[in-house]
Amino acid sequence: MANDPTKLADMIIPERFNDYIIERTAELSRLRNSAMITDMSELLGDKMGGTTVNMPFFKDLSGDDQLVDDNDDLEIKSISTGSDIAAKLYRAQVFGATDLSADLSGADPIGAIVELFAQYWSRTEEKILLKVLQGAMSSPSMSSNVLDISELSGAASVFDAESFLDACAKLGDRQDDLAAVAVHGDTYSLMKKLDLIDFIPDSESKKVIPTYMGHLLIVDDSMPKDNGVYDTYIFGNGCIGFAQAAPKNPVEFGRDPLINGGQDYVVHRRFFVMHPRGIKWVGTPAKATPSDAELADKNNWERVYEAKNIKIVRFRHKLVASS
């Protein structure tokens, strides 16, 4: 009598499996490992209810100072508050294969599944972040943080050192807060051809780290590219808030013996927040959580911080001069 096929549910402890995936996803993500991400998981805690996270903040103090005189009282000024709002994101994915355990015999099936899921979520997080940035930075309220030279004529539309400095200058006296720049691989290639890249040794490995004008360089081919127009994002440390918590059932397994001669599958659910600090979510999603299209909609975002305190600049440009 043939042995019954080994089921995924027999091999994997759901809680540990979920922890493995989350940890490995964080290790793989270039954006998550950059200093522009700040952890705000304490805002979620164990509260799963609701579709948004409120993040109140104190507005900067303003007004002229007062003269001290023994004939006049000093006026007490009030401290104003505002509220930043982030959308909660609930996502899931299901992967399966026919007699998966048997197909992976001789290897480490759990390790393989963790690695594949982690790679998937790493790519997905980066995709979601770019959708968030597309919507938030396209909001009319964020025009002060955008430099678009793509519609200029000739060489004036092309990325170069001078135009990059113009983009940084969008933050005025806060431009020195900018610490990283994320570019498409095509833009990176142009920067290398123009000899604009410096490489510094990584103290923790034998690799070198590319930098541009003192900014850490993040190269990612998922960066927006449309008909020869590229988006480059310039970031300050901590400008993107990230938080995550475990949903009620993060991992579930199943087997359907009638599909394709027997099929195992695993469901993984994620609950997280990925939010540009100072640009609040004002959308009303069609479902329980915003879709990528809704995140990318400029009408669903509104600036609440002073513009130069939002440490993000969107720089739109070309790589080749229009004829």
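The model you are looking at is predicted, so local features need pLDDT of at least 70 and side-chain atom pairs count only at pLDDT 80 or more, while totals for chains, interfaces and linings use all residues. Residues are numbered from 1 along each chain as its sequence is written, and side-chain values use heavy atoms, with hydrogens and water left out.

Where does Asn145 sit? Asn145 lies in the loop between helix 4 (109–138) and strand 5 (146–148); helices (H or I, at least four residues) and strands (E, at least two) are DSSP runs numbered from the N terminus. The side chain of Asn145 reaches the backbone oxygen of Ala307 at 3.2 Å. Beyond the neighbours within four places in sequence, the residues in contact with Asn145 include Met137, Lys170, Ile310 and Arg314 (contact means heavy atoms within 4.5 Å).

Now turn to helix 2, which covers residues 14–28. Its buried residues are Phe17, Asn18, Ile21, Ile22 and Thr25. Seen down the axis of helix 2, these buried residues fall within an arc of 130°, so they line one face of the helix; the arc is taken from the directions from the helix axis to the C-beta atoms.

Finally, what lines the largest cavity? Among the lining residues are Ser29, Arg32, Glu125 and Met274, where a cavity is a set of points on a 1 Å grid over the protein atoms alone at which a 1.4 Å probe fits but cannot get out, and lining residues have an atom within 4 Å of a point. Helix 4 gives the largest share of this lining, 3 residues.

Conventions
A polar contact is a pair of N or O atoms within 3.5 Å; within protein, one must be able to donate a hydrogen and the other to accept it, and residues adjacent in sequence count only if both atoms are side-chain atoms. The expected span of a helix is 1.5 Å times one less than its number of residues. Buried means under 20% relative accessible area, exposed over 50%, partly exposed in between (1.4 Å probe, protein chains only). On a 1 Å grid over the protein atoms alone, a cavity is a set of points where a 1.4 Å probe fits but cannot get out, and a pocket is an open set with protein on both sides within 12 Å along at least five of seven lines; lining residues have an atom within 4 Å of a point.
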